[in-house]
Amino acid sequence: MMKKGILFLVIVSFIVLLFSTNLVKEAEPELSEDERLSKVIDYAWDNYDIFASSVECENSEVFFDIDDQIDQHEFIATMENKLEEYDLPDRYFISIKRSNAEELELQQIKEDMEIHVSDYIKENGYEGVEFEVNYESKKPLFTFYVADDANVSKEELEKEIHSLLQFKGNK
């Protein structure tokens, strides 16, 4: 008799559990396509070394710039599974670019330096001055073009910029 009572309680508990989980699922609001896509992208950011991501709605591309140390086949397979999990595999495809973290960091440093040099030239009212950034490692980082009638000489400017970058680098 005791066994039948326990079995009855287990069956009733199981039915109640199934019923309550079904109610919880129905109570959850349906996620929009944008929210589901956001969850896929968030998963990538949370679980991989991602440098950038974007969605191109026109061509249904979900783009990731990933660390070149990541196994690209495993990453794509995982992300395609995530698209499927959120019912998006027929709407979007995964596209990747592989980047080197050190190269990206060096690129960012050079861009920051370019901003500092540009700001310095403007702040000092130097007119007739142009410069370009050389991203090839064998050339100097900056090449300055100073007009004959500029209010600073090329030599003075190069010396000032050198001092500026040393100062910024020591901060």
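## Briefing on a predicted protein chain

Ala-44 is located in helix H2, where helices (H or I, at least four residues) and strands (E, at least two) are DSSP runs numbered from the N terminus. The model is a predicted one, in which local features need pLDDT of at least 70, side-chain atom pairs count only at pLDDT 80 or more, and totals for chains, interfaces and linings use all residues. Residues are numbered from 1 along each chain as its sequence is written, and side-chain values use heavy atoms, with hydrogens and water left out.

**Overall organisation**

- The protein chain contains 5 helices and 5 strands.
- Along the sequence, these elements follow the pattern α-α-β-β-α-β-α-β-β-α.
- Of the 171 residues of the protein chain, 25% count as buried; buried means under 20% relative accessible area, exposed means over 50%, and partly exposed lies in between (1.4 Å probe, protein chains only).
- Among contacts in the protein chain with a separation of 6 or more, 52% are between residues 24 or more positions apart; contact means heavy atoms within 4.5 Å.

**Packing of helices H2 and H3**

- Helix H2 (residues 33-47) packs with helix H3 (residues 72-85) at an angle of about 150°, and their axes are 9 Å apart. This angle makes H2 roughly antiparallel to H3.
- Axes are lines fitted to C-alpha atoms, for helices over the stretch in contact, and angles run from 0 to 180 degrees between N-to-C directions. Angles under 35 degrees count as roughly parallel, over 145 as roughly antiparallel, 65 to 115 as roughly perpendicular and the rest as oblique.
- The crossing of H2 with H3 is right-handed; a crossing is right-handed if the near helix is turned clockwise from the far one by less than a right angle, and left-handed if anticlockwise.
- On the H2 side, the contact is made by Leu-37, Val-40, Tyr-43 and Ala-44, and on the H3 side by Phe-75, Thr-78, Met-79, Lys-82 and Leu-83.
- By class, this contact of H2 with H3 has 7 nonpolar, 1 polar and 1 charged residues. Ala, Val, Leu, Ile, Met, Phe, Trp, Tyr, Cys and Pro count as nonpolar, Asp, Glu, Lys and Arg as charged, and the others, Gly among them, as polar.

**Nonpolar cores**

- The largest nonpolar core has 17 residues, and Phe-64 and Phe-75 have the most contacts inside it. A nonpolar core is a set of buried Ala, Val, Leu, Ile, Met, Phe, Trp, Tyr and Cys residues joined through side-chain atoms within 4.5 Å.
- H2, strand E2 (61-67) and H3 each supply at least two residues of this core, and H2 gives the most, with 4 residues.
- Another core, of 13 residues, lies apart from the largest one and includes Ile-121, Phe-142, Ile-161 and Leu-165.
- Not counting residues up to four places away in sequence, Phe-75 touches Ala-44, Tyr-48, Ile-50, Phe-64, Ile-66, Ile-70, Ile-94 and Ile-96.

- Ala-44 counts as buried, at 0% relative accessibility. With residues up to four places away in sequence not counted, Ala-44 touches Ile-50, Phe-64, Phe-75 and Met-79.
- Ala-44 and Lys-82 are 38 residues apart along the chain, and their C-alpha atoms are separated by 9.3 Å.
- Lys-39, also found in helix H2, is partly exposed, with a relative accessible area of 38%. Lys-39 touches Leu-31 and Tyr-86, not counting residues up to four places away in sequence.
- From C-alpha to C-alpha, Lys-39 and Tyr-86 are 8.3 Å apart in space, although 47 residues apart in sequence.
- Glu-84 is found in helix H3 and counts as exposed, at 54% relative accessibility.

**A buried strand residue**

- Ser-99 lies in strand E3 (residues 93-99) and counts as buried, at 6% relative accessibility.
- Leaving aside neighbours within four places in sequence, Ser-99 is in contact with Phe-51, Asp-65, Ile-66, Asp-67, Asp-68 and Leu-104.

**Positive phi values in loops**

- Most residues other than glycine have a negative phi.
- Ser-60, in the loop between strand E1 (50-56) and E2, has a positive phi near 60° and is buried, with a relative accessible area of 17%.
- Asp-87, in the loop between H3 and E3, has a positive phi of about 55° and is exposed, with a relative accessible area of 59%.
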